[in-house]
Amino acid sequence: MPIESAHIELGHQSQIAGRRYRTIVCGTGGVGAAVLREALRLPWLDVVGVQVYTDDKAGVDAGTLVGLPAAGITTTTDADEIAALDADCVLYCARDFGDWRSDDVLVRLLESGKNVVTSLAYFRAESRAPEVIERLEDACRRGGTSLHASGINPGYIGERLGVILTGFSHDLEQVKIEEFYDITPLSEELAHLLGIGLPIAQSEDASAAAQLAQLYLEQSIGLICDALGVEIDRIDHSQFHRVADEGIQADTYTVPRATVGSVTHRWTVIVNGRPFLLYENTWFVGKSMQPEHSDVEHHWLVTIEGRPSVRMLLEVNASMETGAAHYEGDPTSAGNYAIGIPLVQAITRTCESKPGILGPAAVGPHWTAALGRSEAAGAVSGRSGRVLAG
């Protein structure tokens, strides 16, 4: 009997060859600039509009704005002009103010017949109030459109890579996801917003950035726990600070001696009374403040404690051979490309899906609470009664 040849499902990617997508880009900051460059570069996308949010970026050619040849598309700050354009998809990368003002904008775009792919916190519909979900879903129904959020973290690290790594293990005890980011290139204003360069007491009060991060990570946490089949008891937040022994010179500012040079925010997800998922963000400035178990500037560590335990390090650079963080002549960091490119790659799936809010694509095989824990695991660890996540 002949053996059927194996194949890899390509999903909507196979439709790229047969269709071009008329695309709008909203927002041209770090992520938006990466998205715009890719959209202008790729032959299956036709950029038909670019919305900017400051007067100095308005009225210029979109290609010129991001250091590429002229594209024949003039940028605009006019939201009415953008809404009136004929387009298949909007890549929405505007600034997130943390107050959900983007709901009104996205509803208008969806109602106007444009699918939306965004880097903003729309990763998990269940994380929002039912009336908000209904409003967004209704806009999708009336426009015949879909809404999808993607990126790297959230978007990939936890709910895709973290989940799929559990496929190596049974008797899963804990998932830990750590992000390390050297903020040396940032401005002093942003450093202070993150709590860097301040006395510890002031740094502890600099909570706006952590609150915005939590807005995103709680959705990622929900997606991870949904996939693994566990129920969240609660999520606890804590923060840790390290001060600089000596003054540190960053690119455009100085971190004085005895002020905070590293901040770690940890979200601990309690399942069945025990820490099951740890999500940590560490912001630091300079090599001297880099955590001891971290040996590259910008990276993620995913650790699965189970049978067996596994760990993965993910580093993003423009080149692994040279270690360059930027492409020549391009100020956008490789990290922003790692956020933006998943948005572009999601265009086909979003445009070809049925109307509605679209979650991440399924991953697998992976551990689940229903199938991935042995009876012996609880006995070995001396537990009685209901075991963790199983």
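Colleague: Leaving aside its neighbours within four places in sequence, what is I177 in contact with?

Modeller: I177 touches I157, G158, I224, L277, L278, Y279, E280, L301 and V302. Contact means heavy atoms within 4.5 Å. This is a predicted model: local features need pLDDT of at least 70, side-chain atom pairs count only at pLDDT 80 or more, and totals for chains, interfaces and linings use all residues. Residues are numbered from 1 along each chain as its sequence is written, and side-chain values use heavy atoms, without hydrogens and water.

Colleague: Which residues touch the most other members of the largest nonpolar core?

Modeller: I177, L228, F276 and L277 do, in a core of 31 residues. Such a core is a set of buried Ala, Val, Leu, Ile, Met, Phe, Trp, Tyr and Cys residues joined through side-chain atoms within 4.5 Å. Among the elements that each supply at least two residues are α6, β6 (170–182) and α9. Helices (H or I, at least four residues) and strands (E, at least two) are DSSP runs, numbered from the N terminus. Helix α9 gives the largest share, 6 residues.

Colleague: Why is V175 called buried?

Modeller: Its relative accessible area is 1%. Buried means under 20%, exposed over 50%, partly exposed in between (1.4 Å probe, protein chains only). So V175 is buried. V175 lies in strand β6. Beyond its neighbours within four places in sequence, V175 contacts T166, L228, F276, L277, L278, T303 and I304. The C-alpha atoms of V175 and G306 are 8.8 Å apart, though 131 residues separate them along the chain.

Colleague: What is the angle between α6 and α9?

Modeller: Helix α6 (residues 157–165) and helix α9 (residues 208–228) pack at about 30°, with axes 8 Å apart. That makes α6 roughly parallel to α9. The cut-offs: under 35 degrees is roughly parallel, over 145 roughly antiparallel, 65 to 115 roughly perpendicular, the rest oblique. Axes are lines fitted to C-alpha atoms, for helices over the stretch in contact, and angles run from 0 to 180 degrees between N-to-C directions.

Colleague: Which residues of α6 and α9 meet?

Modeller: G158, E159 and V163 in α6 meet S220, L223, I224, A227 and L228 in α9. They divide into 5 nonpolar, 2 polar and 1 charged. Ala, Val, Leu, Ile, Met, Phe, Trp, Tyr, Cys and Pro count as nonpolar, Asp, Glu, Lys and Arg as charged, and the others, Gly among them, as polar.

Colleague: What makes α4 and α5 roughly parallel?

Modeller: Helix α4 (residues 102–111) and helix α5 (residues 130–143) pack at about 25°, axes 7 Å apart. They are therefore roughly parallel to each other. Their contact has 6 nonpolar, 1 polar and 5 charged residues.
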